[in-house]
Amino acid sequence: MALLGFCSCLAALLLLHSQPASPALILSLKHHYRGGDHHNRRPVLQSNQSACDLFAGTWVRDDAYPLYQSSNCPIIDPEFNCQLYGRPDSNYLKYRWQPLDCELPRFDGAEFLMRMRGRTVMFVGDSLGRNQWESLICLILASAPQTPTQMIRGDPLSTFTFPEYGLSVSFYKAPYLVDIEIENGKRILKLEEITGNGNVWRGADVISFNTGHWWSHTGSLQGWDYMESGGSYYEDMDRLAAMEKGLRTWADWVDKNIDVTRTRVFFQAISPTHYNPSEWNTGTASTTTMSKNCYGETVPMGGMTYPAGYPEQMRIVDEVIRDMRNPVYLLDITMLSELRKDGHPSIYSGDLSPEQRANPQRSADCSHWCLPGLPDTWNQLFYTALFF
């Protein structure tokens with residue numbers, strides 16, 4: 001038990017952790033996505049006997065949107081509640097996703113309650129999963145405002161229930177999906193262990209996973225002190241390589257532990273950020289750049305493509321899912337979300353102080369999304385994939 005003895009000695013632990021990941025380890029984790037274009041596995045909807053790509057299309061203005069008001073949905077966290085915290089424009093609420101070759105069914109919360117009676121739905125991942133979880137609850141409540149509900153908020157597990165229907169909709173915080181354990185006061189990100197988290201998900205009827213943003217965090221935002229892989233500890237390693245290792249651990253667990261005949265499994269593709277206007281202002285004169293991020297953006301991009309292309313992390317997601325024995329449903333929201341540079345909270349977040357709001361160059365949130373807003377479309381696609 002050399003590893004256990006090693007872990008009991010903090011001085012030795014720190015000595016080993018000071019070493020970076022070996023080049024051989026990094027190369028072994030990278031070889032899948034280095035060299036080769038990103039291949040998009042896009043689920044299709046059968047509509048009028050022709051395949052419809054749900055995730056290729058454009059944003060169109062629709063004054064029937066939004067599907068609910070933030071004032072009527074008490075579950076929205078302050079960081080997503082843009083209207084409550086002073087966002088002066090509302091046109092960003094008036095857009096509907098239009099696939100090229102079919103019409104998306106309108107989300108029907110009453111139908112969702114009936115068809116999911118007695119079921120458990122769980123979102124697992126980071127705050128983008130929480131963004132979608134809250135959106136789904138708001139959409140359901142808009143159709144059934146009088147139905148009794150119960151709410152238990154916790155960390156890492158929060159659950160919203162509809163007792164009359166025996167339906168629970170939960171969010172489980174696991175930003176890396178794989179386990180984090182405390183050893184000698186240090187947070188160890190276990191790239192090859194997931195049982196601790198997996199035991200929580202095992203019984204759910206529908207599970208939607210996401211991960212991505214936390215793998216790139218550094219400094220005070222980093223969620224771990226050291227990584228463990230293959231019995232060795234690392235102070236740091238290539239973040240994309242680490243993410244691939246963690247995702248393959250997740251995929252292997254899903255393949256071995258999820259009965260796909262009774263459980264529907266989704267993976268939410270990488271949610272893009274909009275911190276760099278040069279990604280969407282390519283080819284325009286920029287001598288008078290008003291902002292260094294999404295602050296002040298009020299309309300979506302036109303067209304079907306984003307000049308900056310897909311986030312690098314999507315190559316890993318695509319590779320891992322394609323290699324699964326039973327590939328999960330990829331809710332490929334990346335490109336359609338990239339077009340929505342107008343959908344972020346920016347400075348209109350209850351998590352910001354007045355001083356922070358006065359300095360959008362430094363404080364704007366261009367990672368999360370306003371509610372109502374873009375995550376409602378994610379859930380419309382989720383709803384379509386579940387029932388149609």
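## The largest cavity

Helix H12 gives the largest share of the lining of the largest cavity, 3 residues. Helices here are DSSP runs of H or I with at least four residues, strands are runs of E with at least two, and both are numbered from the N terminus. The model is predicted: local features need pLDDT of at least 70, side-chain atom pairs count only at pLDDT 80 or more, and totals for chains, interfaces and linings use all residues. Residues are numbered from 1 along each chain as its sequence is written, and side-chain values use heavy atoms, leaving out hydrogens and water.

In total, 13 residues line the largest cavity. Nearest its centre lie Tyr-65, Leu-93, Tyr-95, Gly-373 and Asp-376. A cavity is a set of points on a 1 Å grid over the protein atoms alone, where a 1.4 Å probe fits but cannot get out; lining residues have an atom within 4 Å of a point. The space inside is about 100 Å³, where a volume is the space filled by probe spheres set on the points. By class, the lining has 9 nonpolar, 2 polar and 2 charged residues. Ala, Val, Leu, Ile, Met, Phe, Trp, Tyr, Cys and Pro count as nonpolar, Asp, Glu, Lys and Arg as charged, and the others, Gly among them, as polar.

## The second cavity

A search of the whole structure finds 2 cavities of 30 Å³ or more. The classes here are 3 nonpolar, 6 polar and 1 charged.

## Helix H12 meets H5

The axes of H5 (residues 127-143) and H12 (residues 374-387) come within 8 Å and cross at roughly 75°. Axes are lines fitted to C-alpha atoms, for helices over the stretch in contact, and angles run from 0 to 180 degrees between N-to-C directions. H5 is therefore roughly perpendicular to H12 (a term for 65 to 115 degrees).

Contact means heavy atoms within 4.5 Å. On H5, Leu-128 and Leu-139 are among the contact residues; on H12, Asp-376 and Trp-378 are among them. The contact residues divide into 6 nonpolar, 4 polar and 1 charged.

## The sheet

An open sheet of 7 strands runs in the order S6-S7-S8-S5-S11-S14-S15, with mixed pairing. Two strands pair if DSSP finds at least two bridges between them. The edge strands are S6 (150-152) and S15 (329-331). From one strand to the next, the twist averages 15°.

Strands S11 (residues 206-209) and S14 (residues 264-268) run parallel, joined by 4 bridges. Phe-209 stands opposite Phe-267 in S14.

Terms used. Angles under 35 degrees count as roughly parallel, over 145 as roughly antiparallel, 65 to 115 as roughly perpendicular and the rest as oblique. On a 1 Å grid over the protein atoms alone, a cavity is a set of points where a 1.4 Å probe fits but cannot get out, and a pocket is an open set with protein on both sides within 12 Å along at least five of seven lines; lining residues have an atom within 4 Å of a point.
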